[in-house]
Amino acid sequence: MDQTGGGELALALLSDRVLLNGTVTDVTLTGDGVLRWTEGGSQRCLEVDKEVLGFSTEGPRIKIRAVVESAKICCPGRRGAPMRKTFVFEPQSEDLLRVWCQKLQDFIDSLGRPKRLFVFLNPFGGKKSASKIFLDDVKPLLEDANVEFTLQETKHQLHAKEVVQTLDLSKYDGIVCVSGDGVLVEVVNGLLEREDWDTAIKIPLGAVPAGTGNGMAKSLLDSVGHPCTAFNAILAIIRGKRCSLDVATISQGETRFFSVLTLAWGMSDIHLIVLNFKLVNPIIPYILCLVADIDIESEKYRWMGSARLDFYGLQRIFHLRKYNGRISFVPAPGFEDYGEPSSHMGEFMGQEICNPSHDEPMKVQQGSYRGPTVALESLNWRKIDGPFVSVWLHNVTWGGENTKAAPDAKFSDGYLDLILIRNCPRLALLALMTELNNGNHVKSPLVFYFKVKAFVLEPGPRTDDATKEGIIDVDGEVLARGKATYKSYQKALMAYDKLQITVDQGLATIFTPL
């Protein structure tokens with residue numbers, strides 16, 4: 001909401017004298033969607049695209065509901081947090097009232113904003129604050145924007161996936177997840193397991209941070225310098241801008257899982273653990289992004305409360321695990337010097353790899369998406385052998401609100417960012433972890449950071465004990481549990497064995513503030 005008009009005014013769609021706060025003034029709606037008027041001797045304006053949510057009539061008045069920067073109201077020239085504000089204009093006749101409403105509605109409709117949304121709300125995720133976030137931030141803005149919505153609370157894990165598999169998508173202009181990253185991933189997998197997956201996956205998806213990690217929402221909002229808040233996230237969804245999103249297909253035999261965030265093996269995870277160490281400065285909280293094992297294995301110390309994460313995180317740093325194994329990959333252009341040539345020809349892993357935690361392998365549903373069609377055997381495969389401390393693949397920049405894991409990641413470049421640590425002294429690793437909040441960890445000579453088009457992981461046992469294996473985490477959930485891991489008797493989607501990852505560039509669509 002600028003207080004001064006800049007440059008030449010665009011051609012006016014409508015200009016008229018209206019009553020504003022008891023004073024008659026000129027109001028203009030320009031062809032590029034700017035409302036301009038004079039108030040208190042100052043030129044004021046609202047950009048319909050960026051600031052106007054919607055409007056309604058009340059008798060002879062038009063109530064325009066907008067979001068403006070708070071500092072601009074009281075401190076012109078400064079930027080502030082966005083806030084809701086209503087502006088009331090009163091045209092001088094009923095005919096002019098109808099004309100104003102028609103012109104405003106026509107311009108808003110031309111922006112391609114969503115009019116009907118299906119909203120998932122996970123009341124159990126994170127701090128269990130999603131319901132409050134919906135009532136305080138999401139619902140009021142949707143109502144201000146005249147967006148109709150259907151609300152669905154998730155009742156259990158995979159509920160969102162089940163719902164979208166049979167949802168009539170023709171009734172909606174988008175699906176919004178008020179949750180952490182898990183519900184969004186369920187939605188993507190559910191859409192791709194439909195028989196009409198090729199049209200279903202085109203429905204725009206929205207992420208409102210209300211969980212633990214919130215990596216997708218953080219990545220989207222940070223791309224334009226906005227704070228990661230539910231208010232900013234739903235505002236971006238209402239504005240209706242979209243971008244393409246890469247989808248990674250993880251394959252093992254006939255089993256598939258579709259990922260939009262991250263895969264972690266070893267000393268990596270998207271979950272944040274804030275440890276108030278007093279090793280260097282007693283007032284600095286060090287933000288550590290620790291192992292996939294920590295959040296899972298620390299359950300045995302649940303009697304310690306939240307301190308169990310701190311305790312077990314420290315324990316894992318100072319009792320550092322390394323894993324044998326091999327990674328094979330197709331490097332992106334410019335990264336061909338990483339690793340050494342591999343004889344791996346990118347064979348499709350069509351053979352069934354039985355998962356000991358299942359009675360039989362989980363099969364891909366007939367007619368559903370099976371992954372990108374890529375002639376992998378013709379690509380330039382390279383390999384790196386272990387042992388490894390950490391293998392981390394990222395599709396977006398942020399793994400969580402405080403973990404800038406892959407600073408060069410793009411939403412739809414067709415590549416995954418690989419962050420690899422093969423060997424690292426314990427104290428050096430501790431120092432690396434403190435750089436995760438700004439992405440500077442990738443500048444360390446101890447870290448390999450490059451982009452890949454396709455990837456094969458062959459996980460092995462721990463170097464200190466061949467009878468013990470590890471955990472593979474995808475998008476914050478356990479994908480595979482190796483032997484002698486915590487709760488290794490529980491079912492997992494895949495076996496702790498060779499798996500292949502390919503990327504389908506821009507397969508999905510997501511609402512973005514861009």
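Biologist: What share of the 514 residues in the chain is buried?

Modeller: Buried means under 20% relative accessible area, with exposed over 50% and partly exposed in between (1.4 Å probe, protein chains only). Here, buried residues make up 55% of the chain. This is a predicted model, where local features need pLDDT of at least 70, side-chain atom pairs count only at pLDDT 80 or more, and totals for chains, interfaces and linings use all residues. Residues are numbered from 1 along each chain as its sequence is written, and side-chain values use heavy atoms, leaving out hydrogens and water.

Biologist: What is the mean pLDDT of the chain?

Modeller: pLDDT is the predictor's confidence in each residue, from 0 to 100. The chain has a mean of 85, and 82% of its residues reach 70 or more. Over residues 2–9, however, pLDDT stays under 50. Where pLDDT is low, the predicted coordinates should not be read in detail.

Biologist: Which order do the strands of the open sheet of 3 strands have?

Modeller: Strands of a sheet pair through backbone hydrogen bonds, either parallel or antiparallel. Strands are DSSP runs of E, at least two residues, and helices are runs of H or I, at least four, numbered from the N terminus; two strands pair if DSSP finds at least two bridges between them. In this sheet the order is 5-6-7, with antiparallel pairing. Strand 5 (52–58) and strand 7 (82–89) are at the edges, each with a single partner strand, so one side of each has no neighbour in the sheet.

Biologist: How many bridges join strand 5 and strand 6?

Modeller: Strand 5 pairs with strand 6 (residues 61–69) over 6 bridges. Threonine 57 stands opposite isoleucine 62 in strand 6.

Methods: Contact = heavy atoms within 4.5 Å.
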